[in-house]
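Please read this short report alongside the sequence and the 3D view.

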Amino acid sequence: MLNPDSVTKLQTNLTLSSFTSVLPGKPDAPTLLTMGVNFLNISWPTIDPGDGKIISYTVFYVNTKNESKNKIEVMSGLHQRNLTVPISGLQPFTRYFVWVRAFSSIGLGPASENSSFVTGCKYY
């Protein structure tokens, strides 16, 4: 049987410190480099990675015909000052809204403002 008087009390002092990690910054809205009947080439400058390392950017795009949102993961060339991404397989003479988000080793940053671009028109 355990005698309570013979048990040494162990006291632990635990200090919790909090820290805040800075997520990646908000990218600038994408700009149009070139466009064609069924493609857009967009660009945006790389951003402040915050406390982490940029792992990827996601380019989102949707057209005004209420189709589902599409995305392209960009995982290469992240060290460049400006990133360029082709968006292909688009419909002719259609307005698309395009925006970008960065993902870092800390987490997901805010989305850029969207940009609006219209693909080229087919002439027969």
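## A hairpin to start

Met 35 stands opposite Leu 40 in β2. Strands β1 and β2 form a hairpin, with 3 residues between them. They run antiparallel, and 4 bridges join them. Strands here are DSSP runs of E with at least two residues, numbered from the N terminus. Two strands pair if DSSP finds at least two bridges between them.

This is a predicted model, in which local features need pLDDT of at least 70 and side-chain atom pairs count only at pLDDT 80 or more, while totals for chains, interfaces and linings use all residues. Residues are numbered from 1 along each chain as its sequence is written, and side-chain values use heavy atoms, with hydrogens and water left out.

Strand β2 covers residues 39–45. It is joined to β5 by 7 bridges, and the two run antiparallel. Trp 44 has Leu 83 in β5 as its bridge partner.

## The sheet of 4 strands

Another open sheet has 4 strands in the order β4-β3-β6-β7, again with antiparallel pairing. Which strands stand at its edges? They are β4 (70–74) and β7 (115–118); each has a single partner strand, so one side of each is left without a neighbour in the sheet. Neighbouring strands of this sheet are turned by 30 degrees against each other on average, direction ignored.

Strand β3 spans residues 54–63. It pairs with β4 over 5 bridges, in the antiparallel sense. Tyr 61 has Asn 70 in β4 as its bridge partner.

## A nonpolar patch

Ile 55, Met 75, Phe 103 and Leu 108 make a nonpolar surface patch of about 370 Å². Patch residues have over 30% relative accessible area and no salt bridge, and nonpolar side chains are joined within 5 Å. A salt bridge is a side-chain nitrogen of Lys or Arg within 4 Å of a carboxyl oxygen of Asp or Glu. Accessible areas come from the Shrake-Rupley method with a 1.4 Å probe.

Phe 103 lies in strand β6 (residues 95–104). Its relative accessibility is 36%, so Phe 103 counts as partly exposed, a class between buried (under 20%) and exposed (over 50%).

Terms used. Patches are made of residues with over 30% relative accessible area and no salt bridge: like charges are joined within 9 Å, nonpolar side chains (Val, Leu, Ile, Met, Phe, Trp, Tyr) within 5 Å. Buried means under 20% relative accessible area, exposed over 50%, partly exposed in between (1.4 Å probe, protein chains only). Axes are lines fitted to C-alpha atoms, for helices over the stretch in contact, and angles run from 0 to 180 degrees between N-to-C directions.
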